[in-house]
Amino acid sequence: MLSLLLMLAAQAAAPAQQPPLAASTPRQAAAQRWGTKEADFSINDFRFTSGEKLPTLRIHYSTLGKPHRNARGEIDNAVMVLHGTGGSGRQFLAPQFADELYGPGQPLDIRRYWIILPDGIGHGKSSKPSDGLRMRFPRYDYSDMVEAQYRLLHDGLGIRRMRLIMGTSMGCMHGLMWGETHPDFARALMPLGCEPVAIAGLNRMWRQLLIDGIKADPAWAGGAYKAQPLQGLRTAQTALFIAGAAPLNLQALYPDRDKAAAFARDRVAKAIQQLDANDLIYQVDASRTYDPSAKLGRITAPLVWINSADDFINPHNLDYPAQAVRQMKKARFRLVPETADTHGHGTHTWAVNWKGDLTDLLAQTEAPAE
């Protein structure tokens, strides 16, 4: 669960504080601070691209702020933020994201914008294998996840056009897919931390080895385990740790050999406690059909796309972004330079690195006064 590992790493790097007795969890405290509301949207007889169906697909989501309606009665201030593999919408309440974006005068000031944070299929509190179906759960892919997001926004929340769709990692890929499949639905797009090509090469290799590592554990038992297959999960989590690591940042934080080893072991051990093996297999495998490369010309919404130079998953020396931007109508790409303060693949969640780009995009796509 890459998103979870990155958040745990960030927490470990922060100064330790002694919590008061009976304190709420950091996530609960953040939800209270931002006035977050949570709800479920149910889709009956949802048909997946595999041909499989669920009688009821549950999509959980959180919201911050309030919807605003224009003179025509249409919601005009909705912003959707899409999480990465293994994450949930609530990860965007973390200080390195929320504190930079949601407060007064910040780019996504919740007095002005209505923020929607969905849990993708198979993630968070949305329908997933661990609800009971295990490996009989429909084999969803990214197109299913985007369709469910559209149904939530259009059918569930009554939105006809989004102010902005942005996303990190898997959510970045979903954002590109949104631009292709619903080109007029968002006034602006901001994908963070992905490539516009099929998941192949090293990116597919480490994902496949992760899945194989879980399935090779006899305790996995074809997905019918009575207890989590810990050896398989340890193998998977080790791969995720490496994929999400930031060399300069971790070298600066842990120059001592023993402390570095202890940190890595602690992060993996804590992350394993939050995992379900079947959920993780599905989450990582959902990228198998992703490939927006042939339809990038359909993306017409103004788009700002950010990657980071220290990203193991999306190496800076691949030339896909330069090729892709030339195919899109109103796109700009920027690579965040590597420093001791960037966070590898997780740089996409540290908004200080790109919130200026977001501010410019919102200004560029501001609608004229009615």
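The axes of α6 and helix α7 (residues 230–243) come within 7 Å and cross at roughly 160°; axes here are lines fitted to C-alpha atoms, for helices over the stretch in contact, with angles running from 0 to 180 degrees between N-to-C directions. The two helices, α6 and α7, are therefore roughly antiparallel to each other, a label given to angles over 145 degrees. The model is a predicted one, in which local features need pLDDT of at least 70 and side-chain atom pairs count only at pLDDT 80 or more, while totals for chains, interfaces and linings use all residues. Residues are numbered from 1 along each chain as its sequence is written, and side-chain values use heavy atoms, with hydrogens and water left out. Helices (H or I, at least four residues) and strands (E, at least two) are DSSP runs, numbered from the N terminus.

The crossing of α6 past α7 is left-handed, meaning that the near helix is turned anticlockwise from the far one by less than a right angle. On the α6 side, the contact (heavy atoms within 4.5 Å) is made by Trp206, Leu210, Gly213 and Ile214, and on the α7 side by Gly232, Leu233, Thr235, Ala236, Leu240 and Ala243. By class, the contact of α6 with α7 has seven nonpolar, three polar and no charged residues; Ala, Val, Leu, Ile, Met, Phe, Trp, Tyr, Cys and Pro count as nonpolar, Asp, Glu, Lys and Arg as charged, and the others, Gly among them, as polar.

Helix α6 (residues 201–215) also crosses helix α10 (residues 277–285) at roughly 160°, and their axes come within 10 Å. That angle makes α6 roughly antiparallel to α10. Residues Arg204, Arg207, Leu210, Ile211, Ile214 and Lys215 of α6 meet Ala277, Leu280, Ile281, Val284 and Asp285 of α10. This contact of α6 with α10 has seven nonpolar, no polar and four charged residues.

In helix α12 (residues 355–364), the residues Asp357, Leu358, Leu361 and Leu362 are buried, where buried means under 20% relative accessible area, exposed over 50% and partly exposed in between (1.4 Å probe, protein chains only). They cover an arc of only 135° around the axis, which puts them on the same side of α12; the arc is that of the directions from the helix axis to the C-beta atoms. The face of α12 turned away from its buried side carries the exposed residues Ala363 and Gln364. Among the elements covering the buried residues of α12 are α3 (95–101) and β5 (164–168).

His343 lies in the loop between β8 and α12. With a relative accessible area of 16%, His343 is buried.

Key
Parallel < 35°, antiparallel > 145°, perpendicular 65-115°, else oblique.
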